[in-house]
Amino acid sequence: MINKRLFEHYKIDTNKNLHIQNRCGRPFDTVLIDSLGSCYACECTAWLPQSIGNIQVQPMEEILSSAKRKHLQQSIDDHSYRYCNQAQCSYLQKLGILESERQEFTIRLAIDNSCNLQCPSCRTDRIFVSRGVVLTRKKAWIDKVVEWINKQTRPIRIVIGSDGDPFASLVYRYFMTQAENHQWNHVTYDFQTNGMLVSKMYQRYQWVFDRTEVLNISVDGSTAEVYEKLRKGGSFEKLLENFQFLQNVKRKFQVHLHMVVQKVNWHQMPAVFKMLDRYGFERAYFNLIQDWGTNININEQTEFVNQLKYNEIKAELSKDIRARLHQLS
Ligand code: SF4
Ligand code: SF4
């Protein structure tokens, strides 16, 4: 039932017993669907890498009632957490703050990594599904998700944007068109976007934006020179136009800024943080650059962490509750 080699790949000891009394809710309230249609009972495929089914060949109901999902849930209920990746799961990294089952069921759509940008920290080539059999196949997966949502009465949260841009992707736009057509009252949305297409899509998908809770926008610099170097294909001017738009519009959702901190932009952290006040946004996240296999020299990119000035910036930012500093220390 369990793919041992997969767990070995992630260096997860499946014989362990963590004796955790709190019950993590993710295997009970979350499903993540990846670019191959594989479904996972956690927020991240690297945290709990066992697939519980595949939407390409199964309906959602079958995946959610699968023996594999029940088996993973059992490993939480017996307190062992033996299939969880202790080294990577953010909840297990901060023991004691495991989140119990949420009222809403979360679907994380990570089925299309199409993007209008090509950031060096994320990819080496432009990736965009614009037509053909792949687009047709992914739209069919969306149809299955939509069919399932139509039958639910429990609140549902849809999270899109961990892999590509939700507003550039034709697959995700197809989903949002379905959401507009169905006008679900029991569904809310969270997006992670590069921000280039926000004002355009806001006007197109009004129903969805009215039910959005958090709009996460990646901002890797506070000047055009740095931003456009790190967000290849992006326009700093357009980003600020979209910020201006969000400042003026009567929005019900929060806007969170996200910065991938690296060699050429760490000194701009305070300036990015100041954008919160300038545009009336709610929160800023600073994440140290990670190695995503895009041929970057991670040691060179993170050399600055030993600089006094950088540590002063970090200490200053950490005084404000609106700043979230992840993996920076
Ligand atoms: S403890 Fe972490 S890895 Fe395990 S199910 Fe919960 S979120 Fe996933
Ligand atoms: S905007 Fe986001 S998804 Fe698109 S290339 Fe950059 S990091 Fe990747």
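**Figure 1. The residues around ligand 1.** In this predicted model, ligand 1 is surrounded by 13 residues, and the closest of them are Cys24, Cys42, Trp47, Cys84 and Cys89. Two elements, helix H2 (26-29) and helix H5 (90-93), each give two or more residues to this shell. Sorted by class, the shell around ligand 1 consists of ten nonpolar residues, one polar residue and two charged residues.

Figure 2. His19, which lies in the loop between helix H1 (4-9) and H2, has a phi near 50°, a positive value in a residue other than glycine. His19 counts as exposed because it has 9 C-beta neighbours inside 10 Å, where the limit for an exposed residue is 12 or fewer. His79 is placed in the loop between helix H4 (67-77) and H5, and although it is not a glycine, its phi is positive, at about 70°. With 14 other C-beta atoms within 10 Å, His79 is partly exposed.

**Figure 3. The residues around ligand 2.** The shell around ligand 2 is made up of Cys115, Leu117, Gln118, Cys119, Cys122, Arg123, Gly164, Asp165, Asn194 and Ser218. By class, these residues divide into four nonpolar, four polar and two charged.

**Figure 4. Helix H7 and its buried face.** Helix H7, which comprises residues 170-182, has 13 residues and spans 18 Å from its first C-alpha to its last, close to the 18 Å expected at 1.5 Å a residue. Val171, Tyr172, Phe175 and Met176 are the residues shown here as buried in H7. Seen down the helix axis, the buried residues of H7 fall within an arc of 140°, so they line one face of the helix. An α-helix has 3.6 residues a turn, so residues three or four places apart point the same way. The buried residues of H7 pack against strand E4 (105-109), helix H6 (132-151), strand E5 (156-160) and helix H9 (206-210). Just after H7 comes Gln183, which takes a positive phi of about 45°.

**Figure 5. Helix H12, with a buried and an exposed side.** Within helix H12, which runs over residues 269-279, Met269, Val272, Phe273 and Met275 are buried. Around the axis these residues cover an arc of only 130°, which puts them on the same side of H12. Pro270, Lys274, Asp277 and Arg278, by contrast, are exposed on the other side of H12. The cover over the buried residues of H12 includes strand E8 (254-261), E9, helix H14 (308-317) and strand E10 (323-326). The residue that follows H12 is Gly280, and its phi is positive, near 70°.

**Figure 6. The surroundings of Gln290.** Gln290 is located in the loop between strand E9 (283-288) and helix H13 (298-301); strand E9 is also among the elements that cover the buried residues of H12. Because Gln290 has 14 C-beta neighbours inside 10 Å, it counts as partly exposed, a class that lies between the limit of 12 or fewer for exposed residues and that of 20 or more for buried ones. Although Gln290 and Val260 are 30 residues apart in sequence, their C-alpha atoms are 8.6 Å apart in space.

Definitions and conventions
Residues are numbered from 1 along each chain as its sequence is written. Chains are lettered from A and ligands numbered from 1 in the order in which they are written. This is a predicted model: local features need pLDDT of at least 70, side-chain atom pairs count only at pLDDT 80 or more; totals for chains, interfaces and linings use all residues. A residue is near a molecule or strand if its C-beta atom, placed from the backbone, lies within 6 Å of it. Helices (H or I, at least four residues) and strands (E, at least two) are DSSP runs, numbered from the N terminus. Ala, Val, Leu, Ile, Met, Phe, Trp, Tyr, Cys and Pro count as nonpolar, Asp, Glu, Lys and Arg as charged, and the others, Gly among them, as polar. The arc is that of the directions from the helix axis to the C-beta atoms. Two residues are in contact if their C-beta atoms, placed from the backbone, lie within 7 Å. The expected span of a helix is 1.5 Å times one less than its number of residues.
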